[in-house]
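This report describes a protein chain for a reader who is new to structural analysis. Please look at the sequence and the model before reading on.

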Amino acid sequence: MEIKEAIIRAKENDQKAFNYLLDLFWDEVYSFQLKRIENENDAEDITIQTFSKAFDRIETYNEAYNFKTWLIAISKNIHIDLLRKEKHIITQAISKDNGNVFEVLDESPSPEDKLITDQHLAKLLRDIKKLKPHYQEVINLRYFQELSYKEISNELNAPINNVKVKLLRAKKLLAQIIKSQNNLS
């Protein structure tokens, strides 16, 4: 399959085309982010967000531009947005005069926060159980057992890129379940 054909098929929601594009460009986007932020986990997370956003908005891709350039631009924008959020949080904690910190926040959870977190976790676990078993398994391995993609790949005896795609799909499906639950509330 060629890139142009894959893009056309991806615009028609062809899963094999998405997988092809992910396999073809994953390393380049990941390497780009790793050079920028020098943190493997953050680079991986931003790369996943990049492909998620790109695949959600594939119909907006302009074929006059190189697909890799489009992906890198998305990746760069996601990173910039994350930096802005971090900067905003930091500037809220620093006073305008002399740049001195005027209040140190105790960020340890209160008993009420713990109760709310436990309730949210219980709801999240119920939502995860609505996924197909293979999606439940990959979410469990990544987020509850905190395994790396390589460790998950070994555990499932599957290529790393397949693990990444499966996790991406699982997260999207879970987000849809949560969104539909919130709409019902």
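Predicted model: local features only at pLDDT ≥ 70, side-chain atom pairs only at ≥ 80, totals over all residues.

Two residues are in contact when heavy atoms of the two lie within 4.5 Å.

## Overall architecture

The chain contains eight helices and zero strands. Its pattern along the sequence is therefore written α-α-α-α-α-α-α-α.

Of the 185 residues in the chain, 29% are buried. The accessible surface amounts to about 12,700 Å², and carbon and sulfur atoms account for 51% of that area. Among contacts with a separation of 6 or more, 54% are made by residues 24 or more positions apart.

In soluble globular proteins, nonpolar side chains tend to be buried together. The largest nonpolar core of this model has 41 residues, and the members that touch the most other members are Leu 21, Phe 51, Phe 67, Trp 70, Leu 71, Val 138 and Ile 139. Two or more residues come from each of α1, α2 (15–37), α3, α4, α6, α7 (149–156) and α8 (160–184). The helix that gives the most to this core is α2, with eight residues.

Which residues does Ile 139 touch, not counting those up to four places away in sequence? The contacts of Ile 139 are Ile 128, Leu 131, Phe 144, Leu 167, Ala 170, Lys 171 and Leu 174.

## Asp 127 in helix α5

Asp 127 belongs to helix α5, which covers residues 111–128. Is this residue buried or exposed? Its relative accessible area is 3%. A residue counts as buried when this value is under 20%, so Asp 127 is buried.

The buried residues of α6 are Tyr 135, Val 138, Ile 139, Leu 141 and Arg 142. Viewed down the axis of α6, these buried residues lie within an arc of 165°, so they line one face of the helix. After α6 comes Glu 146, which has a positive phi, near 55°.

Phe 144 is another residue of helix α6. With 38% relative accessibility, Phe 144 is partly exposed. Together with Leu 121, Leu 125 and Tyr 143, Phe 144 makes a nonpolar surface patch of about 340 Å². Helices α5 and α6 each contribute at least two residues to the nonpolar patch.

## Salt bridges

Side chains of opposite charge can pair when their charged atoms come close. How many salt bridges does the model contain? The count is nine. One of them joins Glu 63 to Lys 11, with the closest N and O atoms 3.2 Å apart. This pair links distant parts of the chain, since Glu 63 is in the loop between α3 (40–56) and α4 (67–93), Lys 11 is in helix α1 (residues 3–11), and the two are 52 residues apart. Glu 63 is exposed, at a relative accessible area of 52%, whereas Lys 11 is partly exposed, at 31%.

A salt bridge also connects Arg 142 with Glu 44, the closest N and O atoms being 3.0 Å apart. Arg 142 is in helix α6 (residues 133–144) and Glu 44 is in helix α3, so this pair ties together parts that are 98 residues apart in sequence. Both partners are buried: Arg 142 has 11% relative accessibility, and Glu 44 has a relative accessible area of 12%.

## Local pairs and a network

The salt bridge between Asp 81 and Arg 84 has an N to O distance of 3.5 Å. Both residues are in helix α4 and stand three residues apart, about one turn of the helix. Asp 81 is partly exposed, with a relative accessible area of 34%, while Arg 84 is exposed, at 56% relative accessibility.

Salt bridges can also form a network, as they do among Glu 5, Arg 9 and Asp 14.

Technical notes: Residues numbered from 1 in each chain as written. Heavy atoms only, no water. Helix = DSSP H or I, 4+ residues; strand = E, 2+ residues; numbered from the N terminus. Buried < 20%, exposed > 50% of the residue type's maximum accessible area, 1.4 Å probe, protein only. Salt bridge = Lys/Arg side-chain N within 4 Å of Asp/Glu carboxyl O. Patch = residues over 30% accessible without salt bridge, like charges linked within 9 Å, V, L, I, M, F, W, Y side chains within 5 Å. Areas by Shrake-Rupley, 256 points an atom, 1.4 Å probe, with all protein chains shown as cover. Arc of directions from axis to C-beta. Core = buried A, V, L, I, M, F, W, Y, C linked by side-chain atoms within 4.5 Å.
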